[in-house]
Each structure stands twice: as C-alpha cells, then as structure tokens.
Amino acid sequence: MRAYELQKTGSIDGWVQVERPEPKPGPGQALVRIRAVSLNYRDLFIALGRYPGARPDALIPASDGAGEVVAVGPGVTRVTPGDRVAPTFFQTWTDGPATPEKTQNALGGSVNGVLAEYVVVDAEGLVLLPDHLSFEDGATLPCAAVTAWNALVVEGRLQPGQTVLAQGTGGVSIFALQLAKALGARVIITSSQDAKLEHARRLGADGTINYRTHPNWEEQVLALTGGQGVDHVLEVAGEETFPHSVRATRPGGHISLIGMLSGGFAKPDPALVEPKKLDVQRTYVGSRAMFEDMNRLITQHRLEPVIDRSFPFEQAREALRYMESGAHFGKIVIAV
C-alpha cells in the first residue's frame, strides 16, 4: 500500500511517500481503507519539529481521516465491514475525563496516523460518520470539530444567547462558528483578511474584527457586546494573544486554550485571570463519546464542514505547504 512517513523533522520535505505492507487487524482491531485525510496545524508543527512529545521513527503522519471498514479482528462487534467510519484522535479515550492513560495514544504523534491507504486501529476508537457527509467531510471531524465541541459544550457549557469569540478562520474556529450557531449562540470571528471575514459573515458570524486594522481588537469585542465582553473564547493563537483574550472576556467567562499559532501555548498569568474570576482550561480534542454526541447535532442540523481545498494523495506535501501559508479558510483535505 501507499503511505507517507515522516522520515526527518525540520522540513515539510520530511514527509516521504513509501510502499508498506498492507496491515492486518488483530484481536479487537479493525482494518480501515482510508478515503480522505484532513490536516491540522499539529501535523505541520510535528513535521517542522516544533511540537512536544516523543514519536516513533518513520511515523505515518496525520490524525484525521475517514474511510470504510474492510476487515475486523477476533472479538470485534462495534463495527462491521462496510461501515463508514472515522478513527478517534485519541484511540483509548472512550468517555469520562482525560487521563494520561487515555491520551497516550494520539494518532499521527505518539502512534502512527492515517496518511496511508490502509490503517489498523482499535475498533473501540472508531466513530460512524453521519450519513449525509462524504468521506472528505468526515475526515475533517476528529480533531478540529471535536476540539470545538469540547471547548464550547463540554467544558464551556454553552447556553443559547451567549457569545463566543473564535480567533481566525482555520478548522477549529470555523467549526466553533457552525456548532455555536446551531446551539443558538452569537459568534464573533477575528481575522487579518477582510475577505475571510466576509466569508465568515455569510456562514452566520454576528460580528467580525480585522485584528490587523484593530491591533487592540478586544476593544472592538467590548463594543460589539455592549461593554460586557464575551462568554467564551477559543484561544488558538497562544501566548501573544492571551492578554487580549482576557480583556475581551466578561467576568466569570470561559477561555479554552487550544493552539500555539503565535509561537507557543498561552501560559495564564494569575494577575490577569484571577481579578475577573475566569475559567481557563487547556482543551485537547476530546473523547469518543464527545465525538458521537457532536455527530448527533451535526446530523440533526445537517451541518456540512467547510473545506477550502482538496489535494490528491501525491501532493500531500503541497497540501501541508498550503496550510503553512495560512491562505485557507476552514479545512484542507487530501484525497486518498
């Protein structure tokens, strides 16, 4: 089978297409024919050697994919051949709070990922795709969508009428926009590009802010919320934007620490957080149960992921370079 390996970190060219033997499922496992893969900034940071954590040699990259089950190992009853599925980001986090044991097997990081024609995964770490979604749609869900769901619904306990601030127009933020609107919330989106902000408005954003035009963008947030601030912030940029996020949040509000696009993860300063009694949590994807709960909402509202561009398998490195450029809106997909 065709697959990619991360043979050397420090460059996107470290992704190398190779031939590998088709894997076979063992007890409790399923063999999945991958039809589409989507990219996350984590994949880029791992390739560049800028992401923490140990990883195996010749790692198969990418955490997010979708396809169909073609075979199952002994003892498997959750899925059957022909099922349309997506592997979960954490293969052993089924339900309940995160623990080190549940989050040790992260696809495309600590264990092999999904950028291959066939993968063997734990059958307990598979989720059925909503019927109305294509494989490309389904491949966008495991990391970005579940992260947005966990941040807003599980940790944030989002209520109708509340206001969400999502930074940028990448996968997590656009899923946050779609999910929050489906749940009856208001959404403010930031970006450095007016064209992307207009796209966000067409998707339902209630307010948009160009942070290049307004470097102290929290002042615009306060203006849009009658001076109160937002109820929830999805902090995807990291250490540079965190002080702005604090000032943009109402007293007692919730901030989810998700990304490190500005160079590093945010490190909450008690002098900033405690006076406003903010609930600040590090959000790292979520469990299989969260994924399944989210899929029920996606099915109910017939939500469709926003895919910017799809690349052929042979152009996986070009897809990663496109992500590095920051030109995308929503998700980038690789057809397998």
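Buried, as I use the word, means under 20% relative accessible area, with exposed over 50% and partly exposed in between, for a 1.4 Å probe and protein chains only. By that cut-off Phe 90 and Trp 93 are both buried.

This is a predicted model: local features need pLDDT of at least 70, side-chain atom pairs count only at pLDDT 80 or more, and totals for chains, interfaces and linings use all residues. Residues are numbered from 1 along each chain as its sequence is written, and side-chain values use heavy atoms, with hydrogens and water left out.

Staying with the rings: they are those of Phe, Tyr and Trp, the last by its six-membered ring, and they pair if their centres lie within 6.5 Å; planes under 30 degrees apart are stacked, over 60 edge-to-face, and the rest tilted. The whole structure has 8 aromatic pairs. One of them joins Phe 90 to Trp 93, tilted, at 5.9 Å centre to centre and 50° between the planes.

Next, the cores. A nonpolar core is a set of buried Ala, Val, Leu, Ile, Met, Phe, Trp, Tyr and Cys residues joined through side-chain atoms within 4.5 Å. The largest has 49 residues, and Leu 141, Val 164, Ile 189, Leu 234 and Met 294 touch the most other members. Elements supplying at least two residues each include H3, strand S8 (163-167) and H9; helices (H or I, at least four residues) and strands (E, at least two) are DSSP runs, numbered from the N terminus. H3 gives the largest share, 9 residues. A second, separate core of 43 residues includes Leu 6 and Ile 60.

How do H3 and H9 cross? The axes of H3 (residues 141-155) and H9 (residues 288-301) come within 9 Å and cross at roughly 90°. Axes here are lines fitted to C-alpha atoms, for helices over the stretch in contact, with angles from 0 to 180 degrees between N-to-C directions. H3 is therefore roughly perpendicular to H9, a label for 65 to 115 degrees. Contact means heavy atoms within 4.5 Å, and the residues making it include Leu 141 and Trp 149 of H3 and Phe 291 and Met 294 of H9. They divide into 11 nonpolar, 2 polar and 1 charged; Ala, Val, Leu, Ile, Met, Phe, Trp, Tyr, Cys and Pro count as nonpolar, Asp, Glu, Lys and Arg as charged, and the others, Gly among them, as polar.

Last, Ser 245, in helix H7 (residues 242-248). Ser 245 is buried, at 0% relative accessible area.

Methods:
Angles under 35 degrees count as roughly parallel, over 145 as roughly antiparallel, 65 to 115 as roughly perpendicular and the rest as oblique.
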